[in-house]
Amino acid sequence: MYLPPHDPHVDDPMRFKPLFRIHLMERKCATVECMYGHKGPHNGHIQIVKKDEFSTKCNQTDHHRMSGGRQEEFRTWLREEWGRTLEDIFHEHMQELILMKFIYTSQYDNCLTYRRIYLPPSSPDDLIQPGLFKGTYGSHGLEIVMLSFHGKKAKGTKITGDPNIPAGQQTVEIDLAHPLQLPDVENMRDFSELSRIVLEAQERVRREEQEREQRQEEGEHSQQAAAQPAAPLAGEGAEGEETAAGAEGTTQDKAPASQPFVLPMGVISRNEDYPRTCRICFYGTGLIAGHGFTSPERTPGVFVLFDNDRFGFIWLELKSFSLYSRIKVSFQNAQAPSREAFDEMLKNIQSLAT
């Protein structure tokens with residue numbers, strides 16, 4: 001299991017923790033050992049479920065328990081997973097979220113299912129190299145996000161989740177057709193100024209979507225009324241030109257001159273050591289929800305590209321900032337065989353989450 005570094009140090013390396021091991025014996029026999037817990041290796045079981053999926057089961061779960069009961073287990077988990085003690089965490093809401101995460105993860109420590117995840121395919125037109133990133137999520141700590149590019153959109157999909165947004169959900173979506181021009185540093189400190197810029201971009205996006213839907217409806221009516229669907233084809237051609245122009249504009253903006261960057265007053269950041277210059281910003285949306293993924297909704301925000309390995313997202317409604325840093329671990333045989341296979345994998349992990 002690859003674990004993120006301790007919150008909020010997103011630039012630190014990932015941590016490695018073995019969960020099970022297989023001893024291959026003679027005559028094609030093998031023994032399986034579970035490595036979970038603090039009492040050493042013990043008897044386990046592995047079963048291949050189907051292609052690209054297998055499960056592990058611990059046959060001696062008493063090895064996972066501690067003499068001090070759940071309280072000792074929670075304090076040990078907190079120290080290892082978060083790098084702090086319960087006394088370090090003063091915020092009552094944060095204590096609640098951490099306890100919820102412990103209860104959720106510890107109840108599944110005896111039986112786990114593994115499914116293959118492909119790394120996102122890359123294209124020369126991509127803003128930066130897609131891949132896996134560590135990101136700060138407030139009181140939830142650090143989580144793993146996969147950044148992938150889909151034409152004029154970029155998507156951040158959660159690989160690890162929390163009590164509010166589970167793994168597999170699309171945490172952020174970036175509209176690469178709508179770059180944002182941030183104000184100078186002094187005006188950038190004014191949250192209302194940033195809010196005005198983002199909400200104006202949101203309104204532009206809404207109007208464009210309405211116009212696109214209207215063109216599609218007119219195209220369908222024209223297609224029904226005439227044998228030669230000249231109007232729909234013209235509509236599609238216009239949209240294609242717009243797409244090409246948007247892609248070209250994005251490519252041209254890939255490496256603009258750096259501009260100063262500072263978070264507006266009132267925006268909370270777990271990591272104050274964020275870069276003070278950025279390359280480019282885009283309008284985007286972030287997914288928020290209540291505990292148990294209740295009442296999910298997409299809210300406006302700002303995607304901030306710092307460099308090839310770091311980006312950020314300002315959650316306008318939450319007045320919060322997430323900083324993301326690339327995971328620089330080489331995963332073997334993790335490339336998707338095709339774009340279609342990768343897109344299918346994204347659909348599958350989202351369906352599992354819902």
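This is a predicted model: local features need pLDDT of at least 70, side-chain atom pairs count only at pLDDT 80 or more; totals for chains, interfaces and linings use all residues.
Contact here means heavy atoms within 4.5 Å.

Start with the whole chain. The protein chain holds six helices and 18 strands. Of its 354 residues, 41% count as buried. Its accessible surface comes to about 19,600 Å², and 51% of that belongs to carbon and sulfur atoms. Take the contacts with a separation of 6 or more: residues 24 or more positions apart account for 55% of them.

Now turn to helix H2, residues 92–106. H2 has 15 residues. From first C-alpha to last it reaches 21 Å, close to the 21 Å expected at 1.5 Å a residue. Which residues of H2 are buried? They are Met94, Leu97, Ile98, Lys101, Phe102 and Ser106. These residues lie on the same side of H2, because they cover an arc of only 150° around the axis. The general rule is that an α-helix has 3.6 residues a turn, so residues three or four places apart point the same way. The face of H2 turned away from the buried side carries the exposed residues Glu92 and Tyr104. What covers the buried residues of H2? The cover includes helix H1 (69–82) and strand S9 (142–150).

Last, look at Gln170 in strand S11, residues 170–180. Gln170 has a relative accessible area of 15%. Buried means under 20%, so Gln170 is buried. Its side chain joins that of Glu173 through a polar contact of 2.8 Å. Leave aside residues up to four places away in sequence, and Gln170 touches Lys155, Gly156, Thr157, Leu287 and Arg298.

Key:
Residues are numbered from 1 along each chain as its sequence is written. Side-chain values use heavy atoms; hydrogens and water are left out. Helices (H or I, at least four residues) and strands (E, at least two) are DSSP runs, numbered from the N terminus. The expected span of a helix is 1.5 Å times one less than its number of residues. Buried means under 20% relative accessible area, exposed over 50%, partly exposed in between (1.4 Å probe, protein chains only). The arc is that of the directions from the helix axis to the C-beta atoms. Accessible areas come from the Shrake-Rupley method with a 1.4 Å probe; for residues, only the protein chains shown count as cover. A polar contact is a pair of N or O atoms within 3.5 Å; within protein, one must be able to donate a hydrogen and the other to accept it, and residues adjacent in sequence count only if both atoms are side-chain atoms.
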